[in-house]
Amino acid sequence: RGFDIREHGSGNAGASNVIITVGKKAGAFVAIFDIFKAWFAVKVTGILFPGIFLLGSVTAVAVILGHIFPFYMGFKGGKGFASLGGSILALDYRIFLVLLIATIFIVFISNYVCFGPTSVSLIFPVVYGYVYREQGGWYAALIMLIAAVAICYRHRENFRRIREGNELKFSF
């Protein structure tokens, strides 16, 4: 659209700010692109290195951190939720579906969108670690906690606004 999205709305380069600033269609495109970008990277890693279980988690964290802190945008990117979603989808679509339902439930109950991504970023490593405990899932969980911390860090302004009573509530 001819402008830097980080100079408008929330100042975030992610899909939610695109929805607010440009519109739902553009925001949906950005979200789908970010999900696919992460899914693709994690899937390609799994295809190229099928015998190295932990590499999927390492790739997922790299994609998420690259989305949140892109060097080519002055380390000011999105909040990482779409990249987390794409990574989870690539690692295990069943866990993705369960956590998608959990995200909707969390947002519905709390009325705050930010609780969805932050909760899921913390829940996913535990679920993934447990489900894949025989393959080294707990090590993968520790790796994924790096992304969880980064996602929670990027949502710190949302939490501040909630404390102050200024965060917009989500409504179905």
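Me: Is Y132 buried or exposed?
Reply: This is a predicted model, in which local features need pLDDT of at least 70, side-chain atom pairs count only at pLDDT 80 or more, and totals for chains, interfaces and linings use all residues. Residues are numbered from 1 along each chain as its sequence is written, and side-chain values use heavy atoms, with hydrogens and water left out. Buried means under 20% relative accessible area, exposed over 50% and partly exposed in between, with a 1.4 Å probe and protein chains only. Y132 has 15% relative accessibility, so Y132 is buried.

Me: How many aromatic pairs are there?
Reply: Rings of Phe, Tyr and Trp (its six-membered ring) pair if their centres lie within 6.5 Å; planes under 30 degrees apart count as stacked, over 60 as edge-to-face and the rest as tilted. By this rule the count is 10 aromatic pairs.

Me: Why is the pair of F53 and Y128 classed as it is?
Reply: The ring centres of F53 and Y128 are 5.9 Å apart. Their planes are at 5 degrees, so the pair is stacked.

Me: Where in the chain do F53 and Y128 lie, and how many residues apart are they?
Reply: Helices (H or I, at least four residues) and strands (E, at least two) are DSSP runs, numbered from the N terminus. F53 is in the loop between α2 (24-48) and α3 (54-68), and Y128 is in helix α6 (residues 115-131). The pair links distant parts of the chain, 75 residues apart.

Me: Which is the class of F53, and which that of Y128, by relative accessible area?
Reply: F53 has a relative accessible area of 24%, so F53 is partly exposed. Y128 has 3% relative accessibility and counts as buried.

Me: What is the angle between the planes of F53 and Y132?
Reply: F53 and Y132 form a tilted aromatic pair, 5.7 Å centre to centre. The angle between their planes is 40 degrees.

Me: Which residues do ring pairs link into a cluster with F53?
Reply: The cluster is built from ring pairs. Besides F53, its members are F124, Y128 and Y132.

Me: Which residue has its charged end over the ring of Y130?
Reply: A charge sits over a ring if NZ of Lys or CZ of Arg is within 6 Å of the ring centre and within 35 degrees of the ring normal. At 4.1 Å from the centre of the Y130 ring, the residue is R133.
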